[in-house]
Amino acid sequence: MKMTFIGAAHEVTGSCTYIEACGKKFLVDFGMQQGEDIFENVKVPTAPGNIDFVILTHAHIDHSGMLPYLFAGGFKGEIHSTVATANLCSVMLRDSAHIQEFEAEWRSRKAKRRGEADYEPLYTMDDALGAIELFVPHEYDKEFTISEGINVSFRDAGHLLGSSSIILTLTEDGETRRIVFSGDIGNTDQPLIRDPQYVDSADYVVIESTYGNRVHNRPTDYVTALTKVLQNTFDRGGSVIIPSFAVGRTQEMLYFIRQIKEDGLVKGHDGFKVYVDSPLANEATDIFMNNRESCYDEEALSFVRQGINPISFEGLIRTVGSDDSRAINNDTSAKVIISASGMCEAGRIKHHLKHNLWKPENTILFVGYQASNTLGRSLVDGAKCVKLFGETVSVGAEIKQLPGVSGHADMNGLMNWAKAVKGVKKFFVNHGEAASADSFALKLREELGVDSYAPYSGAEFDLISGEITVDAEPVLIPKKRSNANMNVYYSDLTAAVERLSALIKESEGRTNEDMRQLTKKLNQICDDWEL
């Protein structure tokens, strides 16, 4: 029995663990890297066609997004998940494939103008559809056997509709090991979905650490905090634009806004409109309702039993077509625009930022994690201007974050989850930035007195002997040119230098006096810059 850490090792995204046991080779998650990639990941040590099956914790792309790529490489095994995860992946993987194809087409057009070869998408829509066909859905807390010696059950992780911790029991040559993968552990008291459910025992635990060194600054009342943002913005004649993850966070925001409208908490702006401008978010909202009995918490179910849809209300407008999306910015009334992506890296939110970011009456409200080297992170960190579709846009709107609205448990929540698991011989800490993973591993050792280890990609562990057989070293990825939005002024400076260079090359034929004056000015700039 061998476990190899592939992705999300000292990083937050790209989750993937490879296991060889009971004559099978399989993966727990196969996610896409998102945001900045710091460390080099080793490759899965076998061809896709040799992978027997995949067990999936939940539908977020940083856990599921490479499954179509696996299919494209020849994988034909089963993908085991909860029912709701399978439902969500049916739309999220198609959406991801659409992004891959669109981006490849855009890059190919640019390459063609340079006389270069076309770009190939990472995977296609056909690959996504092929992967979706491989899903085998399961109910929570019902153990099933995948093959001889391999039993699995899913426990509600409280992070996203259908999210789970995986309880994996392996029996080989008379030896049995119980390994638990936490998946992404949810925050408590979230709207709609249940709190994370604990696991009672395990030999080994692979636990996430997204917020392993931080405690959420949770507002005492989400609704009150959100109401204040809406009221202040509407009073000054602006709109609230919310970059939101299409699955999970969007539905939570609808839950809060329904209550705000129901209780009349925003004064003087009755009937304000709320646009959900994301085809994926709209499909996901329907999936939430279809899985309400198995995934909703008691409060949300109480609304359902009264005939109330807890994520719908008067004034909600769900746009699908691009014409409807463009028309939103012609609406001058006080409104809320919820659009994807949550980190502002792609999708319709970028168009809404282009139209609204420069207006001081507006508010851009962030309600989720912003990874390094993303447009969302730049705005949260105080950027004065950003690049959108090749154009520099000044940041005039108020930039706000609503603290505490997080789908991830904080350091205390992670510790509470870890304390509930008895008999653990070793914790493996992954899915966290380097400082967070290392800090949480230390906290587990100091407070629980247990062995803990934060692996780098390529680390291997023998589940029988309990020994780390390969203690991988970090391999840094050489720094690439920064995202343009991380330093817009530097980008503008280099563009000016290129323009100057072209001007100088075209200066032949000008008078000696013209060239002398230009040379004098350039030398003066250099002298001033050096000072």
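Keep in mind that the model is predicted.

**The sheet**

Let's start with an open sheet of 7 strands, ordered β7-β8-β9-β10-β11-β20-β21, in which the pairing is mixed. At its edges sit β7 (144-147) and β21 (451-453), each of which pairs on one side only. On average, and ignoring direction, neighbouring strands are turned by 25° against each other.

As a reminder, strands in a sheet pair through backbone hydrogen bonds, and they can do that either parallel or antiparallel. Both kinds turn up here. β7 and β8 (residues 150-156) run antiparallel and are joined by 3 bridges, while β11 and β20 pair in the parallel sense over 5 bridges. The pairing of β20 with β21 is parallel too, over 3 bridges.

| Strand pair | Sense | Bridges |
|---|---|---|
| β7 and β8 | antiparallel | 3 bridges |
| β11 and β20 | parallel | 5 bridges |
| β20 and β21 | parallel | 3 bridges |

**Strand β20, inside and out**

How many of the 5 residues of β20 are buried? The count is 5 of 5, so to speak a strand that is mostly covered. In a regular strand, side chains alternate between the two faces of the sheet. For β20, Lys 426, Phe 428 and Asn 430 are on one side and Phe 427 and Val 429 on the other, and both faces are covered.

The buried residues of α13 are Met 411, Leu 414, Met 415, Trp 417, Ala 418 and Ala 420. Their cover includes the strands β9 (164-172), β10 (175-181), β11 and β20 (426-430), plus helix α14 (434-448). The N-terminal end of α13 is capped by Asp 410, with a side-chain oxygen 3.2 Å from the backbone nitrogen of Asn 412.

As for α14, this helix lies across β11, β20 and β21 and runs at about 160° to β20.

**A helix pair: α6 and α7**

Now for α6 (residues 249-262) and α7 (residues 279-290). Their axes come within 9 Å and cross at roughly 70°, so the two helices are roughly perpendicular to each other. On the α6 side, the contact is made by Thr 250, Gln 251 and Leu 254; α7 brings in Ala 281, Ala 284, Thr 285 and Phe 288. Sorted by class, that gives 4 nonpolar residues, 3 polar ones and no charged ones.

**Two loop residues**

His 216 is in the loop between β11 (204-208) and α5 (222-235). Is His 216 buried or exposed? With a relative accessible area of 15%, His 216 falls under the 20% cut-off and therefore counts as buried. Its side chain reaches the backbone oxygen of His 408 at 2.7 Å.

Gly 382 sits in the loop between α12 (375-380) and β17 (385-388). This glycine is partly exposed, because its relative accessible area is 39%. Gly 382 and Val 395 are 13 residues apart along the chain, and their C-alpha atoms are separated by 8.8 Å.

Terms used: Residues are numbered from 1 along each chain as its sequence is written. This is a predicted model: local features need pLDDT of at least 70, side-chain atom pairs count only at pLDDT 80 or more; totals for chains, interfaces and linings use all residues. Side-chain values use heavy atoms; hydrogens and water are left out. Axes are lines fitted to C-alpha atoms, for helices over the stretch in contact, and angles run from 0 to 180 degrees between N-to-C directions. Helices (H or I, at least four residues) and strands (E, at least two) are DSSP runs, numbered from the N terminus. Angles under 35 degrees count as roughly parallel, over 145 as roughly antiparallel, 65 to 115 as roughly perpendicular and the rest as oblique. Contact means heavy atoms within 4.5 Å. Ala, Val, Leu, Ile, Met, Phe, Trp, Tyr, Cys and Pro count as nonpolar, Asp, Glu, Lys and Arg as charged, and the others, Gly among them, as polar. Buried means under 20% relative accessible area, exposed over 50%, partly exposed in between (1.4 Å probe, protein chains only). A polar contact is a pair of N or O atoms within 3.5 Å; within protein, one must be able to donate a hydrogen and the other to accept it, and residues adjacent in sequence count only if both atoms are side-chain atoms. Two strands pair if DSSP finds at least two bridges between them.
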